[in-house]
Each structure stands twice: as structure tokens, then as C-alpha cells.
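Please keep the sequence and the three-dimensional view at hand while reading.

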Amino acid sequence: MPPPVAARWRLVASYVVPIDPPGAVWAPGVVDVAGDRIAYAGPSEGAPAFDGPVRQLPGIVLPGMVNSHGHSPMTLLRGVGDGLRLERWLAEAIWPREARLTPDDVYWGMTLGAAELLRNGVTSTCETYFHDRALLDAAVDAGLRCVVTPGILDLPARGARWRWQAMLEAALGLVEEQQGRAGLVRVGLGPHAPYSLPDEALAAVGRAACEGDLLLSIHLAETRREVEALRAERGCSPVAHLAGLGVLDAPVLAAHGVWLEEAELTTLAERGVAVAHCPQSNAKLGSGCAPLAALLRAGVTVGLGTDGPASNDDLDLFEELRLAGLLARALAEDPSVVEAPALLSLATLGGARALRLPAGRLAEGQLADLVHLEAEDPRLVPILRPEEVPARLVWSAASHLVRDVWVGGRQVVRDGEVLGVDLGRARREVQARAERLRG
Ligand SMILES: [Zn+2]
């Protein structure tokens with residue numbers, strides 16, 4: 001476990017980017033932390049008097065980034081099946097290996113993934129995978145905030161444990177057992193996708209999510225083929241299909257949303273469905289590119305997701321936010337279609353809203369999830385005016401600039417070192433286990 005939380009302390013940085021209001025930069029700025037929350041955030045000038053410990057930070061402070069869709073234990077399967085389309089990639093490369101996974105595999109896969117996320121300035125992640133207790137043990141040991149939505153599939157050939165009813169029951173058991181653990185854990189439900197679950201399963205999971213007020217994350221409209229197959233079979237879009245089954249009555253986070261039509265965007269906005277935009281995974285699997293600008297215009301809450309490291313192949317939201325911006329501008333042939341502050345907001349506040357966490361912006365009462373970047377790296381020089389900082393973070397920064405990270409006021413990365421993880425052991429474990437899983 002990382003070191004304990006100091007009761008109350010102040011951080012003063014050359015540049016503080018609060019995310020809200022968009023484009024604001026306090027130079028210098030102050031963040032006061034009390035326990036796991038922010039007690040004050042604002043420009044240094046006018047900050048309240050303070051006589052506790054003060055940490056002076058040269059560089060940039062922003063809220064911790066939020067990964068709104070991940071399968072981080074897939075560090076164990078990093079890069080497998082390269083060159084296969086989603087359907088074959090799942091059936092031939094991923095699912096056979098996942099059938100061999102043990103809880104210890106997931107623990108070490110998640111431990112390495114958590115170290116990678118934290119090192120890259122990601123303080124919260126939404127995870128859908130298997131062996132969720134082991135996944136949460138790893139996240140908590142590393143000090144990472146984790147919203148887990150246990151994967152629900154229906155694979156009768158694998159035995160009774162893999163029927164959707166048993167998987168839903170196990171997920172609800174996990175809610176009882178792990179909700180709120182260590183101040184870091186939230187548990188929801190993760191039905192895999194409309195194409196991998198029967199209607200009655202989707203409806204039942206939707207009802208359970210409504211009853212328990214649980215976040216329901218689901219893969220939605222990821223590939224053109226999947227959407228065309230559903231239309232041919234049901235005569236409706238994936239969004240209409242889920243709405244018809246009552247799934248959208250729950251708090252839904254839809255991953256991907258690549259192949260959505262205008263009317264579906266309106267439905268998502270009206271029903272309060274958030275979208276996890278995963279541009280790098282979608283591009284690498286040749287699935288397409290989600291209509292980011294149209295989603296934002298429609299008023300949909302959008303976060304960014306890494307997806308799993310088998311299809312990305314890293315856990316780096318600096319890459320995702322830049323690619324999201326580049327693709328949106330290239331597709332629109334318009335450089336003003338998504339501005340830098342809005343892109344930075346996707347990686348922070350957008351993700352936090354998608355996960356329903358009081359985080360992603362620096363303001364009183366928000367979770368004290370903070371990232372400190374050095375600003376002396378050549379790629380950030382020069383900064384002529386503080387207002388340039390958000391654009392510099394989007395178009396020039398990279399995860400290697402992350403020096404320090406706090407989650408809930410607790411320091412989890414110090415000067416680039418992840419404090420709660422034995423990285424040498426995690427590397428060795430994942431290497432050895434990946435060799436076994438290859439079969
Ligand atoms: Zn996914």
C-alpha cells in the first residue's frame with residue numbers, strides 16, 4: 001500500500017489547470033487537500049491563509065485522468081491477435097487464452113496495468129473483466145481508484161459458471177462485498193454486448209442495475225458488421241434494441257459507439273447514456289472512428305477509454321486524447337471542431353461524469369486525485385502565456401512528463417516511481433504467466 005494520507009496539506013504549482021471552467025489556468029495556483037478531498041482550489045493570489053505543510057511544485061498540476069473503458073489485466077495478452085478483425089480477434093486470440101486465466105493471473109495482470117495507468121497520470125479506471133476480486137485486490141494494493149463492472153457473458157460450452165444468470169448473481173455478490181472498499185472501489189455491472197447476450201439477459205441485467213442504482217457498462221456499436229447483423233436480425237439499431245429491453249433506464253456507460261446514427265445520438269443524450277470513446281483501439285482493430293464531434297454537439301457525456309492492452313496496446317490517455325482530437329479534426333476537415341480544453345476535459349471531467357465520480361476537476365469537495373507534470377521537458381517549451389497550457393498538454397505533452405500522482409489525497413507516484421507496486425516482480429509475473437497463457 002502507498003503511504004498514508006496527511007491530514008491537510010497545500011500544493012502550490014506554477015500552473016494549475018482546473019478543467020472547469022474550460023480553458024482556465026491559474027499561474028501560480030493552489031490546491032488544498034484535506035483527507036481524500038480538495039478543500040480549496042484557485043489562484044495563489046487570494047488563497048486563504050494556511051499554516052500546514054506546503055509542497056511547491058514547478059510545472060503543471062491537473063486532475064487525475066479517468067479511463068472510462070478498460071480491461072487492464074489484459075496486459076497478460078498485450079498485442080495478441082494483431083491484424084485480426086474484432087470477431088475473429090475475440091474468438092481466436094482472446095477467448096481461448098482467457099479461458100485459462102486464474103485469479104492470480106488477473107491479480108498480476110492488473111497490478112502491472114495499475115502501475116502503467118498510475119505512471120501515466122490515470123487515477124481512476126473503469127474495468128470490465130473476470131476474477132474481479134483479484135482485480136480489485138490489485139487496484140487497491142496499487143492505490144488506484146477502480147470502478148469495476150464485472151463481465152457478464154453467456155458461454156454455455158464452458159460450464160454453468162459461464163451462464164449469464166450465474167455471472168449476474170456473482171456480480172451482485174461482488175456489489176455486496178466490495179462496494180466502497182478502501183474509499184477506492186465502486187462496483188457496477190458489465191454485460192458484454194448486445195451481440196453476445198440473449199435479450200432476456202440484457203433485460204435482467206438492466207433491471208438489476210436500475211434496482212441497485214449500479215453503473216451498467218456495455219460494448220455498443222463497435223463494428224459495422226455487428227450493427228448490420230443486428231439490423232438484419234431485429235430490424236433495429238443497437239441503441240433502439242437496448243432501449244426496447246429497458247436497459248437504458250439504468251445508468252449506462254456505452255463503450256465505443258463507433259457506428260451510431262444521428263437519431264441514436266439524440267437518444268443517448270436524452271437518456272443520459274455516456275460514451276467511452278476508444279479511438280486507438282477502434283483504429284487498431286480497423287473498426288472505424290466514433291463521431292466524437294457529433295456526440296459532443298448532441299450533448300452526450302463522453303469519456304476516453306484505453307480499452308484493453310491487447311487492442312491498443314498501452315494504457316495511455318495522453319495518446320487517446322491527442323488521437324481523438326486529430327481524428328475528429330481530420331474527419332471534419334475543420335481544426336475548430338474540437339478545441340484543446342474540450343479534449344483535455346474528455347480525459348478528466350468527461351470520464352468522471354461517465355463513471356459518476358466526484359472527480360475530474362479541481363474544486364472544493366471533489367476527490368483529491370491529482371497529477372503533477374514537469375514543464376521543463378523540451379516538448380513543452382516555450383509556454384508564453386498560461387492560457388497556452390491546455391493546448392500544450394493536448395498536442396505536445398506525453399505520459400513520461402508525469403512526476404507525481406495522488407489518489408484520494410494519497411501519493412501513489414513519487415518522482416516517476418509507483419509507490420504501491422513492486423514493478424520488478426510484476427514484470428516477471430506477467431512475462432511468465434503470458435507465456436503459459438499462450439498455450
Ligand atoms: Zn472493451
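## Paired strands and a metal site

Val405 stands opposite Val413 in strand 17. The structure discussed here is a predicted model. Strand 16 (residues 402–407) and strand 17 (residues 410–414) are antiparallel partners, joined by 3 bridges. They form a hairpin with 2 residues between them, and Gly408 in that turn has a positive phi of about 55 degrees.

Strand 17 also pairs in the antiparallel sense with strand 18 (residues 417–418), over 2 bridges. Here Arg414 has Glu417 of strand 18 as its bridge partner. This hairpin, too, has 2 residues between the strands, and Asp415 takes a positive phi near 50 degrees.

Strand 12 (residues 252–256) is mostly covered, with 5 of its 5 residues buried. Strand 11 (residues 216–220) runs parallel to strand 12 and is joined to it by 5 bridges; Leu216 stands opposite Val252 in strand 12. Strand 12 is also joined to strand 13 (residues 274–277), again in parallel, by 3 bridges. In that pairing, Ala276 in strand 13 is the bridge partner of Ala255. Between strand 12 and strand 13 the chain passes through helix 8 (residues 262–271), and this β-α-β crossover is right-handed.

| Strands | Sense | Bridges |
|---|---|---|
| Strand 11 and strand 12 | parallel | 5 bridges |
| Strand 12 and strand 13 | parallel | 3 bridges |
| Strand 16 and strand 17 | antiparallel | 3 bridges |
| Strand 17 and strand 18 | antiparallel | 2 bridges |

The model also holds a zinc ion, coordinated at 2.1 to 2.4 Å by His69 (NE2), His71 (NE2), His219 (NE2) and Asp307 (OD). The angles among the 4 donor atoms span 83 to 169 degrees, and the site is irregular. Along the sequence, the donor residues follow the spacing H-x1-H-x147-H-x87-D.

Definitions and conventions:
Residues are numbered from 1 along each chain as its sequence is written. This is a predicted model: local features need pLDDT of at least 70, side-chain atom pairs count only at pLDDT 80 or more; totals for chains, interfaces and linings use all residues. Side-chain values use heavy atoms; hydrogens and water are left out. Buried means under 20% relative accessible area, exposed over 50%, partly exposed in between (1.4 Å probe, protein chains only). Helices (H or I, at least four residues) and strands (E, at least two) are DSSP runs, numbered from the N terminus. Two strands pair if DSSP finds at least two bridges between them. A crossover is right-handed if, with the strands pointing away from the viewer, the path from the first strand over the helix to the second runs clockwise. Donors are N, O and S atoms within 2.8 Å of the metal (3.2 Å for Na, K and Ca); water is not among the atoms, so sites may look incomplete. Four donors count as tetrahedral if all angles lie between 85 and 135 degrees; four count as square planar and six as octahedral if opposite donors are over 155 degrees apart and all others between 65 and 115; anything else is irregular.
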